[in-house]
Amino acid sequence: MSTTNLDKLKVAAEAGNIDILYAVIQIDSSILEIIDSNQFVETPLHIAASRGHLRFAIEVMNLKPSFAWKLNPQGFCPIHLAMQNDQKRMVSRFVDINKDLVRVQGREGLTPLHFASQIGEVELLAKLLFACPNSIQDVTVGGETALHIAVKNKNFEALHLLVCFLRKNIERGAREFEYNILNHKDEDDNTILHISALCIEPQALRLLVSTGINLKAKNLENKTALDIAATLENKSILFSAGSKPSLEVMDAPTLAHKLRSKTTIVDKMLIYIRRIERNISEKQRNTWLIIATLVATATYQSTLTPVGGVYQGFAALF
């Protein structure tokens, strides 16, 4: 592969010229494969995504789908660059082609959803969420969810959208999922409630105390949101919602404490049953289920049929 062909390919991407793209491929049919073999490289898709050449970008993406996942030397993939350069239609088409691109992690673990939350693009944020709902649980290298990022950047509308998305989720396990996301801790063990307590504007705080967020969570400094509230108004909001200072909050038992704790009779029974469940095969488990069903059915029928067969009061009518 000559430098000349690489230069021509770069010119094609910068101009969005599909004819030049194929002219280069005709000369060197392996050029895209060679580019793809490099780990951190600026591909023609990176360039086209940055410039907003939509048709060229889609053409390259069809030829080489793996380019969409490639990180350039700065740690960004094409969809990151499209977002950084305000190419919303480009981002939308990328996601239409492959919804999993919503979860691609670039520099510092930042995903497109994180970035949309950071810049406060509510409509784009909504599209990304509906395209890939599970992306809301992705975290940066600092342990931040999209909600952390929205609060830190004072993007209340983005935070409101994310919270509403969690509230309206009706999938199986939605309640636990919502609780886990709302109470996720970053690298400093700060929840979004801690971060919102530090904000001067109380909007985010008022919203969060109305959710199922843990008002008593502590960070690495052993402080609750009430301990670190930046204003008297914030302290009042938290106190009214039921938040307490750290001195009044009992620490949750550690994993070591749970393992060393006394095993009750109920615990022993559950452990015994679960060990049996894990040791028997699927066939045996199904057999036991059938037997249990038959026993339950027989027991139920016996309660409906009195001793002697037909109900005597009913028989006397004949």
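These legends describe close-up views of a predicted model.

**View A. The buried residues of helix H12 (residues 174–182).** Ala174, Phe177, Glu178, Ile181 and Leu182 are buried in this helix. They cover an arc of only 125 degrees around the axis, which means that they sit on the same side of H12. Arg175 and Glu176 are exposed on the other side of H12. The cover over the buried residues of H12 includes helix H10 (146–152), helix H11 (156–167) and helix H13 (192–197).

**View B. Helix H11 and its buried face.** H11 has 12 residues, which at 1.5 Å a residue should span 16 Å; the C-alpha atoms at its ends are 16 Å apart, so the two values agree. The buried residues of H11 are Ala158, Leu159, Leu162, Val163, Phe165 and Leu166. Seen down the helix axis, they fall within an arc of 155 degrees, so they line one face of H11. These buried residues pack against helix H8 (112–119), helix H9 (122–131), H10, H12 and helix H14 (203–208).

**View C. Ile136 in the largest nonpolar core.** This core has 75 residues, and Phe94, Leu128, Ile136 and Leu147 are those with the most contacts inside it. In soluble globular proteins, nonpolar side chains tend to be buried together. Leaving aside neighbours within four places in sequence, Ile136 is in contact with Leu113, Leu129, Thr145, Leu147, Leu162, Phe165, Leu166, Phe177 and Ile181. Among these contacts of Ile136, Leu162, Phe165 and Leu166 are buried residues of H11, while Phe177 and Ile181 are buried residues of H12.

Methods:
Residues numbered from 1 in each chain as written. Predicted model: local features only at pLDDT ≥ 70, side-chain atom pairs only at ≥ 80, totals over all residues. Heavy atoms only, no water. Buried < 20%, exposed > 50% of the residue type's maximum accessible area, 1.4 Å probe, protein only. Helix = DSSP H or I, 4+ residues; strand = E, 2+ residues; numbered from the N terminus. Arc of directions from axis to C-beta. Contact = heavy atoms within 4.5 Å. Core = buried A, V, L, I, M, F, W, Y, C linked by side-chain atoms within 4.5 Å. Expected span 1.5 Å × (residues − 1).
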